[in-house]
Structures are given as C-alpha cells and as structure tokens.
Amino acid sequence: MSRQLLTLAGSTLVLTLAAGPALAASAISGTVTYTGKVPTLKPISMDADPACAAKHKEPVPSDMLVLGPGNVMANVMVRVKSPVPAASTAPTQPAVIDQKGCHYEPHVLGVLVGQPLKLKNSDGLLHNVHALPKVNTPFNMAMPANRTEAETKFGKEEGMFLVKCDVHGWMTAYVGVFANSYFAVSGKDGKFSIAGLPPGTYEIEAWHEKLGVKTGSVTVAADKPATIDFAFAAPGS
Ligand SMILES: [Cu+2]
C-alpha cells in the first residue's frame, strides 16, 4: 500500500516538473531585412528542359535573394544556437520538400536529427535529389517521372547544406539538421517566430545562402514574448 502511495507521489512530482517549463515558455520573433543595394537578378531560365518551361506562364524569379515589400527577406534560417534546456525530441511526422514546377518547395528547410524527410516529385518528370552534406552522408537519389515519393533522414546535427538537381542546374535547396526544433525560416513578409523557449539568454543565428550568417543575443523572460531583428547587406557594402 505504502509502495503504491509512493508511486503515486512520484508520478505527481514528475508531472509537476514536466509542466513547469511549458507554462513559462515564451516565443521569440522578429523580422529580417535587406539593407544593401538591391541587385537585379535574372529570372530562372528553364529553357534547357521544355517540359519544365511549359509548367510556367510567368517568368520564375531567382530564389537567390527573395525580398518582400520594404526589402524584408524570405528564406533566412533563424535558429537558437545556444543549448536549450528541455529541448524537444524529433517528431515522427516528416518534413517535406517537393519538386514542383522544376523548383524545390520550400527553398530553405530545417529538419531534426532522425526526423524523416519526405522528397516529393509532383512534376511527373525526371529529377534527382543530390544532397551534399559534409557531416552526414551525401546521397544522390534518382527521381524518375513515376517515382512520386522517397524518404530519407539524417543522423547528425549539421548546419545548412546544398541539395541540388543535376538534371536541372537551377534547382537548389538548402537543408539544416538540428538537434532541437527551435528554428524557423523567414517568410515573404520577412518574419519568423520560434515558440516554446524556456526563460534564458540565447544566442540566435540567422543564415542566408549568399549573405552569410548574423548572430544576436536575446533574453527570454517567462511568459513574455521577446523580439530580435536581423539585417543583411550585400557583401562589401
Ligand atoms: Cu530536376
């Protein structure tokens, strides 16, 4: 009897501890802005594969630098670089990259260590997925027209690396493999948000494929959202 009571008391204690950080957690959010001279980027030419070109009525803008109104920046990977107490474990639901319109969607993606990454081929065309990580094992996977889906995963933490299609030289995506889910990619409005951070001071890193890395520090108080913004300029400006 006393043993059961002890077990019950133990369970209660565990529940209380688990609920504590969740109640106190806060979100960080911010906006990424481009401050340099805006370059003129050529649209992507898909003429090398008429089947790709036929999928677009309008010119396809370059995804090297994607800006919204006020020069806010999309496709910036923002992540909490410092260790996070009570960090999350890998979800079983896959992250997804689609090959659609001879274009990777999304262009920038984060996955967790061990999380499945689903590679979709919505095009019904021949692609290949050539991933070039340096810490994890590189792979080159053929995606023939009739192969609509494949799946992979990465076993080790690794910063952003290139994924490309050797059939269509303009197709690039960037993937990062993280130990926890405290990352987000800025949208076309330049905004990002990372939820559920326990109180503390964290180093935050913002990465862009051409403009490199910026870091900043943010202090998260219990139940109080914090803000951190990033600005990138063209190299040498
Ligand atoms: Cu392709």
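## Disulfide

The torsion about the S-S bond of Cys52 and Cys102 is about -70°, so the disulfide is left-handed. Its S to S distance is 1.9 Å, where a disulfide is defined as a pair of cysteine sulfur atoms within 2.5 Å. Cys52 lies in helix 2 (residues 50-53) and Cys102 in the loop between strand 5 (95-99) and strand 6 (104-105), so that the pair links distant parts of the chain, 50 residues apart. Helices (H or I, at least four residues) and strands (E, at least two) are DSSP runs, numbered from the N terminus.

Cys52 counts as buried at 0% relative accessibility, and Cys102 likewise at 0%. Buried means under 20% relative accessible area, with a 1.4 Å probe and protein chains only. A search of the whole structure finds one disulfide.

## Basis of the model

The model is predicted: local features need pLDDT of at least 70, side-chain atom pairs count only at pLDDT 80 or more, and totals for chains, interfaces and linings use all residues. Residues are numbered from 1 along each chain as its sequence is written, and side-chain values use heavy atoms, with hydrogens and water left out.

## Copper site

His127 (ND1), Cys165 (SG), His168 (ND1) and Met171 (SD) coordinate the copper ion at 2.0 to 2.7 Å. Donors are N, O and S atoms within 2.8 Å of the metal (3.2 Å for Na, K and Ca); water is not among the atoms, so sites may look incomplete. The angles among the four donor atoms are 92 to 134°, and the site is tetrahedral, a term requiring all angles to lie between 85 and 135 degrees.

Along the chain, the donors follow the spacing H-x37-C-x2-H-x2-M. His127 in strand 9 (residues 127-131) and Met171 in the loop between strand 12 (158-164) and strand 13 (172-178) are 44 residues apart.

Methods
Tetrahedral: all angles 85-135°; square planar, octahedral: opposite > 155°, others 65-115°. Buried < 20%, exposed > 50% of the residue type's maximum accessible area, 1.4 Å probe, protein only.
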